[in-house]
Amino acid sequence: MLQGKTALITGASRGIGKGIAEIFAKNGCNIAFTFASSVEKARAFEQELTSLYGVKVKGYQSDAANFEQSMALAETVIADFGKIDCLINNAGITRDTLMLRMTEEQWDDVINTNLKSAFNLTKAFLKHFLGNRAGSIINMTSVVGVMGNAGQANYAASKAGMIGFTKSIAKELGSRNVRCNAVAPGFIETEMTHALDENVRKQWADTIPLKRGGTPEDVANVCLFLASDMSAYITGQTLSVCGGMLM
Ligand code: NAP
């Protein structure tokens, strides 16, 4: 579905980003991906994807929250790959705590990594997409950005912000055939959710109509659709991948 295309996925050394890179590579897409600190995991993943699917794969250590690093990354990636067809703003973190205890640092870290990063990378690739008169930008939000969640005021605010950002970019860039959509996962089994207490994870799963947490592959399949020409007439939308948690 993505033969001849190239995607940049932020935060793909593990979890959902890694799942997206795998499905995209399997579908013929060249992969540029970023990570924060998992150097060895990233190198092993590069080799694994190249040998399994024969596509070009390169990992870059780049802090998505940092504007200068994001601008430099875009230049390097375009020099290495020639073009980018799809940008996936996936890198994200949590710093969960109740508002009463939340520090300014916990607020800033989450807003910068989850929301400012979408601005940084979109800005960095904007002229490239406009020049190509084509492109698909996918922002990884969360059902929590729509529903809110106690103990996640910083995270929910960052993810709600991403939805507003997505709709605005879709309106700004639609006339140039650049699409921008958001994907809102519910409860997905990754290191991010494994940090939660076993009982909390079970309680979450019990409230989901499909009675299970999602997999990175569940989310990746929706991104595959949004990156492909199958979704050519879809922009400004938020697609939930949550087993029915949000209706
Ligand atoms: P994860 O397993 O914790 O993986 C996070 C990825 O982001 C890693 O590759 C990490 O790199 C990278 N990263 C973190 N900070 C970064 C930074 N400043 N710059 C560049 N890369 C950075 O998380 P996940 O569960 O896959 O979540 C991925 C996205 O989906 C996030 O935006 C998250 O909010 C969203 N989401 C997740 C769930 C869920 O249930 N898991 C639900 C809804 C939304 P290193 O390996 O180097 O640290």
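**Ligand surroundings and a helical salt bridge**

In this predicted model, an N or O atom in the side chain of Arg14 lies 2.7 Å from an oxygen atom of the ligand, a polar contact in the sense of a pair of N or O atoms within 3.5 Å. The protein covers 94% of the 900 Å² of accessible area that the ligand has on its own (Shrake-Rupley method, 1.4 Å probe). The side chain of Thr190 also takes part, with an N or O atom 2.5 Å from a ligand oxygen, while Ala64 uses a backbone N or O atom, 2.9 Å from a ligand nitrogen.

Looking around the ligand, 31 residues surround it, counted when a heavy atom lies within 4 Å. Ser13, Ser37, Ser38, Tyr155 and Thr190 are the closest. This shell has 14 polar, 13 nonpolar and 4 charged residues, with Gly counted as polar and Tyr as nonpolar. Helices H1 (15-26), H6 (153-173) and H7 (191-194) each supply at least two shell residues, and H7 gives the most, with 3; helices here are DSSP runs (H or I) of at least four residues.

Turning to charged pairs, the whole structure holds 10 salt bridges (a side-chain nitrogen of Lys or Arg within 4 Å of a carboxyl oxygen of Asp or Glu). One of them joins Arg43 to Glu46, with the closest N and O atoms 3.0 Å apart. Both belong to helix H2 (residues 39-53), and because they are 3 residues apart, about one helical turn separates them.

Residues are numbered from 1 along each chain as its sequence is written, and side-chain values use heavy atoms, without hydrogens or water. Local features need pLDDT of at least 70 and side-chain atom pairs 80 or more, whereas totals for chains, interfaces and linings use all residues.

Note on methods
Polar contact = N/O pair within 3.5 Å; in protein donor to acceptor, adjacent residues only side chain to side chain.
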